[in-house]
Amino acid sequence: MPTIPQSAVLIPIDMQQAFDEAVWPQRWNGKADENGLALLGAWRATGRAIIHVRHDSVEPNSTLRPERPGNAFRPGFEPQAGEPLVTKSVNAAFIGTDLDLRLRRMGTDTIVLFGISTDMCVSTSVRVGANLGYRIILIEDACDCFDLPDGEGGTIAARDVHRAHIATLRQEFATVLKTGDALSMVLP
């Protein structure tokens, strides 16, 4: 069983209210918020570092634009005092931000990620982070994603999209854990 060092930084990705708006397709993981909040609670209780990531879209009609209500964090996911916020406008939390610099200055080599959406910003951030040399731990049941049009008139169910991306990330880019396993490694 892998371990999570005290120096591991928790990075919640795009835990924003926009994803509850009707313009977004159906999601599958009704426990994503509960699991994500449990992780935040454990990191805070043990004094571990957290860096929040928020998507500030530059697309004119996006529900994630900074001036739109959907840009706000989901209840309970707001950064607390001393918890930095990194804003991005693309899928990867490392592109066009100072996230890599912040992590290097903190001296960590391990990051723990979760968020929305498994197949987009989470997956892209995991891949870039791994390519930058970080040990990545992905908490699969604290992630969520959406039904996806297959380009042929059908839909790929969100749960299947999630499973395929988790399998790919587990194969080469990350250690994949469930929330309960991560909590057992963090909490005394």
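**Close-up 1. The salt bridge of Glu34 and Lys31**. In this predicted model, Glu34 pairs with Lys31 in a salt bridge. Their closest N and O atoms are 3.7 Å apart. Glu34 is partly exposed, because its relative accessibility is 49%. Lys31 also counts as partly exposed, at 46% relative accessibility. Side chains of opposite charge can pair when their charged atoms come close. The structure holds 13 salt bridges.

**Close-up 2. Asp33 meets Arg74**. The side chains of Asp33 and Arg74 form a salt bridge, with an N to O distance of 3.0 Å. Asp33 sits in helix α1, residues 32–45. Arg74 belongs to the loop between β2 (52–55) and β3 (85–88). The two parts are 41 residues apart in sequence, so the pair ties them together. Are the two partners buried or exposed? Asp33 is partly exposed, with a relative accessible area of 23%. Arg74 is buried, at 4% relative accessibility. Buried here means under 20%.

**Close-up 3. A network of salt bridges around Asp33 and Arg74**. Which residues are linked in this network? Its members are Asp20, Arg27, Asp33, Arg74 and Asp144.

**Close-up 4. Glu67 and Arg65**. A salt bridge joins the side chains of Glu67 and Arg65. The distance is 2.6 Å, N to O. Glu67 has 55% relative accessibility, so this residue counts as exposed.

**Close-up 5. Helices α3 and α4 pack together**. Helix α3 spans residues 118–131, and helix α4 spans residues 158–172. Their axes are 10 Å apart and form an angle of about 5 degrees. The two helices are therefore roughly parallel. From α3, the contact uses Thr118, Asp119, Ser123, Val126 and Arg127. From α4, Val161, His162, His165, Ile166, Thr168 and Leu169 take part. Four of the contact residues are nonpolar, five are polar and two are charged.

**Close-up 6. Leu138 in the largest nonpolar core**. This core has 50 residues. Which of them touch the most other members? They are Ile4 and Leu138. Leaving aside residues up to four places away in sequence, Leu138 touches Leu113, Val122, Val126, Cys143, Ile166, Leu169, Ala174, Thr175, Val176 and Leu177. Val126 of α3 also takes part in the contact between helices α3 and α4. So do Ile166 and Leu169 of α4. In soluble globular proteins, nonpolar side chains tend to be buried together.

Key:
Residues are numbered from 1 along each chain as its sequence is written. This is a predicted model: local features need pLDDT of at least 70, side-chain atom pairs count only at pLDDT 80 or more; totals for chains, interfaces and linings use all residues. Side-chain values use heavy atoms; hydrogens and water are left out. Axes are lines fitted to C-alpha atoms, for helices over the stretch in contact, and angles run from 0 to 180 degrees between N-to-C directions. Helices (H or I, at least four residues) and strands (E, at least two) are DSSP runs, numbered from the N terminus. Angles under 35 degrees count as roughly parallel, over 145 as roughly antiparallel, 65 to 115 as roughly perpendicular and the rest as oblique. Contact means heavy atoms within 4.5 Å. Ala, Val, Leu, Ile, Met, Phe, Trp, Tyr, Cys and Pro count as nonpolar, Asp, Glu, Lys and Arg as charged, and the others, Gly among them, as polar. A nonpolar core is a set of buried Ala, Val, Leu, Ile, Met, Phe, Trp, Tyr and Cys residues joined through side-chain atoms within 4.5 Å. Buried means under 20% relative accessible area, exposed over 50%, partly exposed in between (1.4 Å probe, protein chains only). A salt bridge is a side-chain nitrogen of Lys or Arg within 4 Å of a carboxyl oxygen of Asp or Glu.
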